[in-house]
Amino acid sequence: MAILVLSATSDIAKAGCALFQARGQRLLLAVRNVSAVTESANAKVIPYDAWSDEKDAASAEAFWHRCVIAAQDHWNETIDGVYVAQGYLPPGDVSRWKDELEKSIFLNFTSVALFLDAVARWMEQAGDGKKRWIAVISSVAADRGRRSNYPYGAAKAGLDAYLSGLRARMFGCGVHVLTVRPGLVRTKMIAGRPQADSVTAVCPEKIAGQIDRAIRRRRNILYTPGWWFWMMFFVRSIPECLFKRMKV
């Protein structure tokens, strides 16, 4: 079994890769900084930059087929799992969002959607769907737009809607699609920000372990840690007339 990990240098992805490798699974590590990861008998590095590899539908499809060929040439295997850990959190300073909006939408939604469209069409044609899966890291920020991070939340909300439709589409051919909605995780993404010191922030290894179990149990949506489900249920329940007055 070969697994493609998109943005394999993310802290959650690295923790997930350790779990996959412990079971002897082969990994294609798609990374921008190839010097940040090490190749081995069961891990092959694929140079990747979303701005060029997924700038449009044609380039996203070309990148996906480059990954398929790499797995075939390296191990004589097909790609059975796709683990998407790509994400970008704009700075907390609202005055800088004008310059960050395009980047947030492209990296958190557009590029991922273009890539997954190519993956989906290939998996539909390849058959043996019941052994294949797609897991994508989104965020609890998708559940409601908040004044402190709505460019990020809006992109993740678009991604969640896309994954919901993709899950229904791929159900017919047996391919499972998992949407992961983590809360605060102590990763490079929030390092140096006030959120990093929050009592609700957890280590990436805990999140990776829950994602791993959700993949094997074929869960549809994973809030991680699980109590974030109830937290966001409460947040979604606040009337808009009150929510717009809250500084969150």
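In the predicted model, helices α3 and α4 cross with right-handed geometry. Their axes approach within 8 Å and cross at roughly 55 degrees; the two helices are therefore oblique to each other. On the α3 side, the contact is made by Ala-57, Ala-60, Glu-61, Phe-63, Trp-64, His-65 and Val-68. Helix α4 contributes Leu-114, Phe-115, Ala-118, Val-119, Arg-121 and Trp-122.

A search of the whole structure identifies 11 aromatic pairs. In one of these, Phe-20 and Trp-133 adopt a tilted arrangement, with 6.2 Å from centre to centre and 35 degrees between the planes. Phe-20 belongs to helix α1 (residues 11-22) and Trp-133 to strand β5 (residues 133-137), so the pair ties together parts that are 113 residues apart in sequence. Phe-20 and Trp-133 are both buried.

The ring centres of Phe-63 and Phe-115 lie 6.0 Å apart and their planes meet at 50 degrees, so this pair is tilted. Because Phe-63 is located in α3 (residues 57-75) and Phe-115 in α4 (residues 97-126), the pair ties together parts separated by 52 residues in sequence. Both Phe-63 and Phe-115 are buried.

Conventions: Residues are numbered from 1 along each chain as its sequence is written. This is a predicted model: local features need pLDDT of at least 70, side-chain atom pairs count only at pLDDT 80 or more; totals for chains, interfaces and linings use all residues. Side-chain values use heavy atoms; hydrogens and water are left out. Rings of Phe, Tyr and Trp (its six-membered ring) pair if their centres lie within 6.5 Å; planes under 30 degrees apart count as stacked, over 60 as edge-to-face and the rest as tilted. Helices (H or I, at least four residues) and strands (E, at least two) are DSSP runs, numbered from the N terminus. Buried means under 20% relative accessible area, exposed over 50%, partly exposed in between (1.4 Å probe, protein chains only). Axes are lines fitted to C-alpha atoms, for helices over the stretch in contact, and angles run from 0 to 180 degrees between N-to-C directions. Angles under 35 degrees count as roughly parallel, over 145 as roughly antiparallel, 65 to 115 as roughly perpendicular and the rest as oblique. A crossing is left-handed if the near helix is turned anticlockwise from the far one by less than a right angle, and right-handed if clockwise. Contact means heavy atoms within 4.5 Å.
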